[in-house]
Amino acid sequence: MSDTQREARDWWRSSAADVPKLVTETPGPESRRMHANTAKYMKGLSSQVKLFPVCFAEGSGITLTDVDGNKYLDFSSGIYVTSLGHCHPKVSEAVCHWAKKLMNAHDFSSPVKERLMEKMASVLPGRLNAIQLYSDGTAAVEAAIRAARAITGRHEFISAYRDFHGKTLGAVSCAQMSRGAALSYGPSRAPGFYMVPRPDPYRPLWTKPDGAIDTDAYIRFYETFIREGTVGNVAAFVLEPVQGWGGSIFPPDDFFPKLKGLCDRHRILICDDEVLAGMGRTGEWLTLSHWGVAPDIVTIGKSLGNGFPVTAMVAREEHGEALEKISASSSYGGNPMACAAALASIEVIEEEGILENVRTVGEYFAKRLQQLKERHPIVGDTRGKGFLLGVELVKDRSTKEPFDRAGELVYQKAFRKGLAWIPAGHILRMSPPLIMDEKRAAVGMDIIEEAIAEVESELGYR
Ligand SMILES: Cc1ncc(COP(=O)(O)O)c(C=O)c1O
């Protein structure tokens, strides 16, 4: 790496030098005022916001600054989105360039789209090169459902408890919604969409005599389900490689290879929803690659444009013809700014050795997570690969009863100390920007550990 490249790679370090730095109590007075005023009109805010109503004014690299001037260390990347750090200069410049030159050209090609197509086809594994571009993850998942139907001529879909894929009818039919949301929507699953349990090593449904999770039992159940519970018309399994929203739940290593065997036997496709886990977050372009499985269709988003709304549905080359049957036309999908953001992001991942950084610093995160589990009685489980991490809090390690109150308190306490991150009830999720080094990773993990220890004292666990 040349000096200029090294300098370009280190652009975020100066803004991160003193983070976190708090100058008021948090959330500060201006944050509280602004949030209250916004919430008068804006309805349905996430629990993440309600539990900590901060308002951000700017972001640079791994640092977020709120409207009161407090600086937070970012362990959220927005919501798994700004993976190369807030306002990466190369990405921002690429978007600005096209914002001044050509904002929309429907689905005609453009110089930047041509380059993006070639780049995506070159980095994605397994001849995944039949591409459609969209502007949110949900739309990409809907396109994957259309594509699976067009490719197979079949119409049923199987997904899994606690997977999340978006909120429009097809995507929500594959996703677990909270009880409250499901009750307000009415029946949320379209006919022909089924959910099955998938292996969660911490909370296994089926185990072997030695207590280890029994992946074969899950596969046998799916086999029975395909025979007895469907009309024999299953187009695809739609699955996240790792359940992100569900709490960073990683399957056992033999799950996807065995599922692939089952799918091959029944000529069922694997639609791999990598909107959250893809594009480097776990140290590979696609998380499924960790298990040596190539999907038939993949959806990517979030990190793809590092904050600019650009997503993609990509199928294997041999399915290109079938994709001609489902139009790729959309108002915003593939606009020049979006293509520029995605192209620049992929180039940055290559130029700055991001995958390598994720693997190295990821090992540090894994070590710290293991220590949390050893030292803290309310930490029932920790898991992660690369920069996709989770901590599950329980009232009692033997019963594994979820500890929602502790989850809220730890989230709030750590945020108050200057760590921006993501709760999911009793499971705390972390998705730091992939540029982060071990030094800043340590600062964030220290804050989390301190917050857990304080909550344990308050709740009588130490
Ligand atoms: C795995 C997965 N798929 C799809 C979506 C929906 O993406 P979007 O919110 O961009 O529509 C999400 C959002 O979090 C997701 O995590």
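In what order do the 4 strands of the open sheet lie? The order is S1-S2-S3-S13, and the pairing is mixed. The model behind this is a predicted one: local features need pLDDT of at least 70, side-chain atom pairs count only at pLDDT 80 or more, and totals for chains, interfaces and linings use all residues. Residue numbers start from 1 along each chain as its sequence is written.

Strands here are DSSP runs of E with at least two residues, helices are runs of H or I with at least four residues, and both are numbered from the N terminus. Two strands count as paired if DSSP finds at least two bridges between them. At the edges of the sheet sit S1 (56–60) and S13 (419–420), each of them pairing on one side only. Further in, S2 (residues 63–66) runs antiparallel to S3 (residues 71–74), with 3 bridges between them. Thr63 faces Leu73 of S3 across this pairing.

As for the overall layout, the protein splits into domain 1 (3–74 + 353–458) and domain 2 (89–351), with bounds from an automatic or database domain assignment. Their centres, taken over C-alpha atoms, are 26 Å apart. Across the boundary, 23 residues of domain 1 are in contact with 19 residues of domain 2, contact meaning that the C-beta atoms, placed from the backbone, lie within 7 Å. On the domain 1 side, helix H15 (354–375) and strands S11 (379–385), S12 (388–393) and S15 (427–430) each supply at least two of the touching residues. H15 gives the most, with 5 residues.

Conventions:
Contact = placed C-beta atoms within 7 Å.
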